[in-house]
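Here is a short briefing on the model below.

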Amino acid sequence: MRTIPLGQSDLRSTRLIYGCMRIPGTWNVAEIDETRRREAFAALEAAVEAGYNHFDHADIYAHGECETIFGAFLRGNAGLREEIIITTKCGIRWAGDPDAGAPHRYDFSAAWIRSSCERSLARLGIETIDLYLLHRPDVLMEPDEVAAAFDRLQAAGKVRHFGVSNFTASQTGLLQSRLDRPLVCNQIEVHPLRLSPFEDGTLDDLYQRRITPTSWSPVAGGRLFGTAGDDPRLGAVAAALDAEAERHGVSRGAILMAWLLKHPSGILPIVGSRQPERIRDAVAGEAVELSREGWYRIYLAARGTALP
Ligand SMILES: NC(=O)c1ccc[n+]([C@@H]2O[C@H](COP(=O)([O-])OP(=O)(O)OC[C@H]3O[C@@H](n4cnc5c(N)ncnc54)[C@H](OP(=O)(O)O)[C@@H]3O)[C@@H](O)[C@H]2O)c1
């Protein structure tokens with residue numbers, strides 16, 4: 001796998017990132033037994049063997065269990081920590097925290113950012129988070145307060161670089177305007193069933209700012225492999241993807257990676273499968289050079305309407 005600089009940082013990420021959100025196969029902590037832990041380890045081993053060097057987490061994934069499992073995986077693989085980029089996120093708070101009346105919400109207060117970071121470091125069993133993201137935009141975000149929290153975390157050696165997730169262009173610009181350091185990443189949902197970032201200025205803005213877009217749910221959480229159901233576009237998109245897959249001798253999943261990788265903004269897809277075969281298979285997408293015509297055939301099927 002090729003590595004590339006991540007935003008304006010010293011981090012060099014493989015073009016595909018491995019997403020750890022689904023590694024236990026459930027978010028119900030009571031269901032995470034030894035079998036599920038073994039399966040999670042098998043997925044992580046497959047990702048390491050296939051060459052992924054960047055692993056994506058969040059404090060909320062399986063209520064912290066994904067980070068805890070990853071910490072155990074690191075302890076069992078001496079030297080791995082130094083070879084990989086670890087991303088994790090904060091800013092989403094569950095209902096009932098800290099008391100019964102508290103709703104599910106977002107919290108970018110300095111106290112919550114700093115305490116979340118400490119908990120993630122402890123679960124992962126590491127000294128420093130390479131890339132720390134604000135998970136979803138907090139309507140009450142006070143950029144100067146976030147900047148102060150970032151300063152303290154970086155000065156204490158707990159975080160190397162910062163980024164955001166699910167931010168609009170204007171939210172990114174607002175936060176960046178108060179930071180002394182460049183945001184290096186915005187993790188967004190973009191795939192053939194979600195084209196808006198191509199069209200609403202999100203990707204243009206990231207390109208202009210030299211912020212790397214990473215794409216969560218690159219196969220639409222599996223929907224791009226499902227039956228058409230009530231989404232009339234799905235059949236057409238699947239047919240367009242399969243035609244390109246046949247042309248290049250790879251799978252539909254690999255073509256989806258190639259389709260995202262072709263965009264000039266430098267999108268890095270985050271592979272979410274927990275099946276070793278699919279984790280390995282996605283890498284074939286890196287070697288596919290889609291033609292402009294091939295890219296547009298998929299885009300047009302996804303739009304469902306011809307271009308003017
Ligand atoms: N920032 C955010 O707000 C946000 C939100 C969501 C996710 N994320 C990050 O993005 C990562 C990826 O998200 P995701 O897991 O939704 O990505 P995804 O790769 O689009 O979806 C993974 C799902 O698709 C299924 N799948 C993959 N290939 C398939 C195939 N060939 N046939 C049928 N099903 C297939 C997988 O099942 P199998 O496991 O059985 O293969 C899994 O359930 C997460 O791990 C997380 O790190 C971030």
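The sulfur of Cys 90 lies 7.7 Å from the closest cysteine sulfur, in Cys 117, so the two are too far apart for a bond. A disulfide here is a pair of cysteine sulfur atoms within 2.5 Å. The model is predicted: local features need pLDDT of at least 70, side-chain atom pairs count only at pLDDT 80 or more, and totals for chains, interfaces and linings use all residues. Residues are numbered from 1 along each chain as its sequence is written, and side-chain values use heavy atoms, without hydrogens and water.

**Cysteines**
- A search of the whole structure finds zero disulfides.
- Cys 90 counts as buried, at 0% relative accessibility (buried is under 20% relative accessible area, exposed over 50%, partly exposed in between; 1.4 Å probe, protein chains only).
- Cys 185 is also buried, at 2%.
- Its sulfur is 13 Å from the closest cysteine sulfur, in Cys 90, too far for a bond.

**Nonpolar cores**
- The largest nonpolar core has 84 residues, and Tyr 18, Tyr 52 and Leu 134 touch the most other members.
- A core is a set of buried Ala, Val, Leu, Ile, Met, Phe, Trp, Tyr and Cys residues joined through side-chain atoms within 4.5 Å.
- A second, separate core of ten residues includes Leu 6, Cys 185, Leu 268 and Ile 270.

**Helix 2 and helix 3**
- The axes of helix 2 (residues 65–75) and helix 3 (residues 110–124) come within 7 Å and cross at roughly 45°.
- Helices are DSSP runs (H or I, at least four residues), numbered from the N terminus.
- Axes are lines fitted to C-alpha atoms over the stretch in contact, with angles from 0 to 180 degrees between N-to-C directions.

Definitions and conventions. Helices (H or I, at least four residues) and strands (E, at least two) are DSSP runs, numbered from the N terminus.
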